[in-house]
Amino acid sequence: MKKLKMLILDLLFPPRCAFCDDVVPIGTALCSECSEHLRGRFAAVKLCPGCAKPAQDCICGSGLCFKGCVTVFEYNKTYSKIFKILKTDAESKISDELALLMAERFAQSDLSKLDFDYITYVPTSEKILKQKGFDHAALLAQKLSALVGIPCCAPPIIRKDDSEIQHKLKGSQRRQNAEKSYRAAKDTAVCGRVLLVDDIITTGATLNICGRLLLSCGAKEVYCITAATTLLSGKKQEI
Ligand SMILES: [Zn+2]
Ligand SMILES: [Zn+2]
């Protein structure tokens, strides 16, 4: 019944590309041109295998606990619309589109040569989950899991309800805030090699604290994958 309602809504209000707003086929959220555009953003750039940033932005010296990271395109004002839809509209197919781009990038990277035991994600807080009704990183992780054939598990990590929103903070504040925003859930454990999913990597602080918590809960190695990365050294720099 819900599917029929969705189909009628799609016919009455055809889905639109999350980036350029053109009408797109039902079941999609990016037009083929925009999808190709995002896929090719880093085609000519060598990204650091440790942190998924160009050499001038490398954050590996900040003591990252994860062993590698891959990403698809850069996060900036132009692309922020895509993430706004991802974070606010659970019915949008944008999570499918981003998961597909991430799965392709995963398959092209050295990470695909490793055996992963689990995919998990950076969790949102219970409070935000109740307000929004969904966790966008969980959606990305579940859809990526189905595409790459690695089981997805809920993270043994809790995001505290009173934690500040990370993107509103700057450099060192982000690190301090990330440290106090997450804690390990009681009586939970993970094992083996884990792929940690988030939508965007900026300073790496959130992925780093969540990675550390995964390691403290029994993971042997943590690698990360995100849809986008923020370019730190030159926000106006064109690639
Ligand atoms: Zn488009
Ligand atoms: Zn690096």
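Student: So a residue is buried if 20 or more other C-beta atoms lie within 10 Å of its own, exposed if 12 or fewer, and partly exposed in between, with the C-beta atoms placed from the backbone; which of these is Asp21?

Tutor: Asp21 is exposed, because 11 other C-beta atoms lie within 10 Å of its own. Please keep in mind that this is a predicted model, in which local features need pLDDT of at least 70 and side-chain atom pairs count only at pLDDT 80 or more, while totals for chains, interfaces and linings use all residues. Residues are numbered from 1 along each chain as its sequence is written, and chains are lettered from A and ligands numbered from 1 in the order in which they are written.

Student: OK, and where in the chain does Asp21 sit?

Tutor: Asp21 belongs to the loop between α1 (2-12) and α2, where helices (H or I, at least four residues) and strands (E, at least two) are DSSP runs numbered from the N terminus. Its phi is near 75°, which is a positive value in a residue other than glycine.

Student: What about Ala52, is it buried or exposed?

Tutor: Ala52 counts as buried, because it has 26 C-beta neighbours inside 10 Å. Ala52 is also a loop residue, placed between α2 and β1, and although it is not a glycine, its phi is positive, at about 60°.

Student: Which residues does Phe66 touch?

Tutor: Two residues are in contact if their C-beta atoms, placed from the backbone, lie within 7 Å. If we do not count residues up to four places away in sequence, Phe66 touches Leu196, Leu207, Asn208, Gly211, Val222, Tyr223 and Cys224. Phe66 lies in the loop between α2 (32-39) and β1 (69-70), and with 24 C-beta neighbours inside 10 Å it counts as buried.

Student: Switching topic, where is Lys81, and what does it touch?

Tutor: Lys81 has its place in helix α3, and, not counting residues up to four places away in sequence, it touches Ala18 and Phe19. With 14 other C-beta atoms within 10 Å, Lys81 is partly exposed. The C-alpha atom of Lys81 is separated by 27 Å from that of Gly50, which is 31 residues away along the chain.

Student: Which residues of α3 meet α4?

Tutor: On the α3 side they are Ile82, Ile85 and Leu86, and these meet Ile94, Ser95 and Leu98 in α4.

Student: Last one: how many helices and strands does the whole chain have?

Tutor: The protein chain has 8 helices and 7 strands, and its C-alpha atoms fill a box of roughly 50 × 40 × 35 Å, taken along the principal axes. Buried residues make up 39% of its 239 residues. Among its contacts with a separation of 6 or more, 73% are between residues 24 or more positions apart.
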